[in-house]
Number of protein chains: 2
Amino acid sequence: MKFASYKSGRDGELYMVSRDLERAVPIPDIACSLRNCLDNWEILLPGLQNRYQCINADGQADNAARFDPTRCSAPLPRATQWLDGSAYVNHVELARKARGVSMPDSFWTNPLMYQGVSDSLLGPCDTITANPDWGVDFEAELAIITNDVPMGCSADNAHQHIMLVTLCNDISLRNLIPEELGKGFGFVQSKPPSSFGPVAVTPDELGNYWQEGKLSLPMQVYLNDQPFGHPDCAVDMTFNFHELIAHAAKTRPLGRGTIIGSGTVSNKDKSTGSCCLVEQRMLEIITSGQPQTPYLKPGDRVRIEITTPDGQSLFGAIEQTFTGNH
Amino acid sequence: MKFASYKSGRDGELYMVSRDLERAVPIPDIACSLRNCLDNWEILLPGLQNRYQCINADGQADNAARFDPTRCSAPLPRATQWLDGSAYVNHVELARKARGVSMPDSFWTNPLMYQGVSDSLLGPCDTITANPDWGVDFEAELAIITNDVPMGCSADNAHQHIMLVTLCNDISLRNLIPEELGKGFGFVQSKPPSSFGPVAVTPDELGNYWQEGKLSLPMQVYLNDQPFGHPDCAVDMTFNFHELIAHAAKTRPLGRGTIIGSGTVSNKDKSTGSCCLVEQRMLEIITSGQPQTPYLKPGDRVRIEITTPDGQSLFGAIEQTFTGNH
């Protein structure tokens, strides 16, 4: 099943979206918001599945209209938890090089993860507002939404806790990061709210592309309509989503609706490009001693999407414009 | 006004509590949960104030029963944001000394703050469950709950954004902290869910004790019924709550229901004791080269409360037992 939240109030209005992302229908008789839907998922499931059959059978769904990603908020516009992993250790190594910090070997065996802001997440087409001097960057990621995960859940048991999968743009303020991380308590000011894909989908929608908590498809990133990166999400993913769940749940339970990000997708094969500016800048520094690619300038547009080889978009596209200051 | 959430579902059931904390009454006709109440605060305010008058006028509130803190969840059991400041820089200096890390001078002018877990906060009488080997510690703090704070809000404008004030026990796993902070991305595993006071109160309930975003009363901490600390919350608070709000909102808005903590209350005058074990241990190391006070052992009980000089408890008491592993 595919779900979207149209902007409405603080938690959005729940829509069901057809598999081909052509049509969307509100389902207030089943659940008012995605949060409400997840809370009561087990009870609502038969009704949801029945409605999804109708919307995919052309003409069967009353009041279905064209799906409009510009009306979307994040699937969970105010989530109770956003934890972002760094599963692509290759990216971590490059990002740290860019800050002049070495990477401990333990990063290859013990996942890096931070607790991020979740109370006012951005929709897929929301503008990015920030001071350009802060060094505004995008990070294309995959994200999952969990059900209730007990404290101490093992990676082997984690697959049953993934309810939904979506895209994420983890916006980063690069020029604020060194000083803030230097204080030792992680990100507050340097990681403003992330944006999320128009549509969140159940793992069965991903078919055989979804294996062992990884998605074997390229993350397609465009900057001002030019291809910027297309690394495969399953390649060089040192920690799969099952391991990220187990890491997050080591000392605490995870509440239903917890969002966990993969970290910036990154392949060692650099012919696949990058999913964020800082990685590209680091490669330029290594090659020529100087970064050539600037951080986002007002008016810049970033597009993030994953399609199957036959061109079907799985989650719709994140398409954001950076506006500079608000 | 004073509010409590009794355990019920995922968001708790809203109760209004009398000023003397003797009686509590559910107010489902006004709002089902504190979250719902905060979301619609401006509209609900006249009805809330009227009901509060009734419950404080003895015998006027129908269906008021004895207030029972053991039935309480956190005021917001699943909040969308928990940001913990470190306003008592004296504590930060001691905690860092205990880890063998020096403190930059900038900590006296630029607040330290981390984004913590908020999706499954503990009630005031919930047991603390953790592996004793993790070095389980308490931290007695004051916390505020905000309304919608715009991005870039100044400290001068922040006072109008404080809706409620309460207590917090920011549970910390000291033996996990050095390795996790060494990774550079802040706390995930080493800061499990915090617990919060039985009652959250509007700032006007604090009278003249509440001045300039500080509370001029001692934080009273007991370990196994023995006094452990009683530092004044307004003394040596380098950053008041207005400054903490401004710091949090520099690069993003804060959604209504954001909880901001003061950090462990700590006075330079060490005759007032400590609000966490690690500070006491550090003082012992400085004095005798060795810590004498152990971290929490199964069965240990911590009590955190603030009373006025005439003995009136403002928020009720956090009273938690550490049970060891679950």
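**Reading a helix crossing and a chain interface**

Mentor: Let's begin with a helix pair: in chain A, helix α3 (residues 89–99) packs against helix α6 (residues 277–288) at an angle of about 65 degrees, their axes lying 9 Å apart. Keep in mind that this is a predicted model.

Trainee: Is the crossing of α3(A) and α6(A) left-handed or right-handed?

Mentor: That crossing is left-handed.

Trainee: Over in chain B, which residues of helix α3 are buried?

Mentor: Taking under 20% relative accessible area as buried, they are B:V89, B:N90, B:H91, B:V92, B:L94, B:A95 and B:R96. Part of their cover comes from α6 (277–288) of chain B. Look also just after α3(B), where B:G100 takes a positive phi of about 75 degrees.

Trainee: Now the two chains together: how many residues does the contact take from each?

Mentor: Chain A gives 51 residues and chain B gives 51 residues. Between them the chains bury about 4,600 Å², with 53% of it on carbon and sulfur atoms.

Trainee: How many salt bridges are there between chain A and chain B?

Mentor: The count is six. One to find in your viewer joins the side chains of A:R78 and B:D39, at 2.7 Å from N to O.

Conventions:
Residues numbered from 1 in each chain as written. Chains lettered and ligands numbered in written order. Predicted model: local features only at pLDDT ≥ 70, side-chain atom pairs only at ≥ 80, totals over all residues. Heavy atoms only, no water. Axes fitted to C-alpha atoms, helices over the stretch in contact; angles between N-to-C directions. Helix = DSSP H or I, 4+ residues; strand = E, 2+ residues; numbered from the N terminus. Left-handed = near helix turned anticlockwise from the far one by under 90°. Buried < 20%, exposed > 50% of the residue type's maximum accessible area, 1.4 Å probe, protein only. Contact = heavy atoms within 4.5 Å. Buried area = accessible area lost by both parts, 1.4 Å probe. Salt bridge = Lys/Arg side-chain N within 4 Å of Asp/Glu carboxyl O.
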